[in-house]
Amino acid sequence: MSYLDSDRPKILVVDDHPSSRMTAAALLSVEGYDVIEADSGVAALRCITQVNPDLILLDVMMPGMDGYEVCRYLKQDEQTRLTPVIFITALNDRRARLRGIEAGGDDFLTKPFDQLELSARVKSLIRQKRLNEDLDHAEQVLFSIARTVESRDPNTGDHCERLVVRSKTFGEFLNLSRLEIRNLMWGGYLHDIGKVGIPDAVLLKQGKLTPDEWDVMRQHVVIGEQICQPLRTMRGVVPIIRHHHERWDGSGYPDGLMGNDIPYLAQIFQVIDIYDALTSDRPYKCAFSAEESLEIMAEEVKRGWRNPELIEQFTQFIQSNVEETASVEAMQDKEHVFVD
Ligand code: SIN
Ligand code: FE
């Protein structure tokens with residue numbers, strides 16, 4: 001094994017037959033894994049929260065909670081969804097395999113175990129899981145940086161949290177796909193992450209910025225793009241980060257894009273961002289009412305800065321009160337931001 005002893009991968013073997021468990025445990029121990037055993041679905045779920053295994057070998061047919069049910073449960077839970085599950089099925093049981101795939105299983109093995117096959121599958125799934133975890137950690141790091149930036153920025157307060165909630169409710173109002181809504185919500189957290197590269201003298205400056213200081217401040221969209229670009233899961237979020245200060249008539253930054261050349265999610269996000277800035281207290285201004293804010297945004301349409309159709313939809317959304325009830329639910333539901 002290439003793993004250090006302290007980092008030996010843990011495998012949970014779930015089977016109601018003691019002899020099957022023992023065979024699997026013996027084979028896996030020889031390979032250098034730490035093996036934990038559970039004799040039922042319920043015992044497995046209890047064990048998983050305590051042990052956090054790297055892989056689960058799961059028998060399909062068990063009294064009480066069967067393997068499919070255990071697997072479905074694990075794959076719906078944010079904490080365990082990345083833990084690979086190998087179903088143990090009878091030889092050539094096609095139906096069991098189909099059900100296993102439906103339940104979110106990652107692979108199948110048949111009894112009696114073939115040592116080489118077991119070893120190869122387990123090894124490859126654990127490697128994959130560790131890569132996925134690193135990716136998840138990379139995302140978490142970005143969200144942490146974004147939170148730190150937000151706490152440095154005197155203008156924001158709980159701005160990002162509110163953007164995330166309204167991204168969900170407005171995204172649903174517009175019938176966006178689940179992935180688009182997730183991207184908008186991530187945009188809520190990450191759009192200004194590039195401010196990490198803006199010096200305090202500019203970011204924290206009281207009073208108006210000089211033209212040179214504005215040039216520095218505008219860099220935040222490009223810096224943000226560079227930070228998030230390398231992550232595959234950020235692909236749909238990067239255009240929001242780069243383009244959230246463009247304007248419909250081409251007078252925005254960084255690219256001076258016009259009309260629908262501005263990525264649609266960036267347009268939507270910008271509307272939400274501006275509305276939140278208008279309806280919140282800032283060091284330099286008091287909060288405007290919803291009505292006043294919508295009037296200001298309508299003025300910005302007349303100036304050519306915003307997409308008229310989108311502002312119309314946003315106005316309907318705010319006035320329809322859908323928001324009031326939906327946003328409370330969305331606050332409770334917000335953890336789904338990490339499910340895609
Ligand atoms: C910001 O993104 O919050 C500040 C920069 C700007 O308003 O253009
Ligand atoms: Fe910004």
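In this tour Ala, Val, Leu, Ile, Met, Phe, Trp, Tyr, Cys and Pro count as nonpolar, Asp, Glu, Lys and Arg as charged, and the others, Gly among them, as polar. Keep that handy for the ligand stop. One more thing before you click: the model you have open is predicted.

**Stop 1: the ligand.** Now select ligand 1, which sits in the largest pocket. Show the side chains around ligand 1: Asp-192, Lys-195, Trp-214, Met-217, His-220, His-245 and Tyr-253. By the grouping you began with, this shell splits into three nonpolar, two polar and two charged residues.

- Tyr-253: an N or O atom of its side chain is 2.5 Å from an oxygen atom of ligand 1.
- Lys-195: here the distance from a side-chain N or O atom to an oxygen of the ligand is 2.8 Å.
- His-220: an oxygen atom of ligand 1 is 3.0 Å from an N or O atom in this side chain.

Stop 2: A bit of background first: most residues other than glycine have a negative phi, and most peptide bonds are trans.

Pro-254 belongs to the loop between helix H11 (238-243) and helix H12 (264-278).

Next, jump to Lys-111 and Pro-112, whose peptide bond is also cis, with omega near -5°. Look for Pro-112 in the loop that runs between strand S5 (107-110) and helix H5 (115-152).

Finish at Asn-52. Is its phi positive or negative? Positive, at about 50°, although Asn-52 is not a glycine. You'll find Asn-52 in the loop between helix H2 (41-51) and strand S3 (55-59).

Definitions and conventions
Residues numbered from 1 in each chain as written. Chains lettered and ligands numbered in written order. Predicted model: local features only at pLDDT ≥ 70, side-chain atom pairs only at ≥ 80, totals over all residues. Heavy atoms only, no water. Near = heavy atom within 4 Å. Polar contact = N/O pair within 3.5 Å; in protein donor to acceptor, adjacent residues only side chain to side chain. 1 Å grid on protein atoms, 1.4 Å probe; cavity = no way out; pocket = protein on both sides within 12 Å on 5 of 7 lines; lining within 4 Å. Sits in = over half its atoms within 2 Å of the grid points. Helix = DSSP H or I, 4+ residues; strand = E, 2+ residues; numbered from the N terminus.
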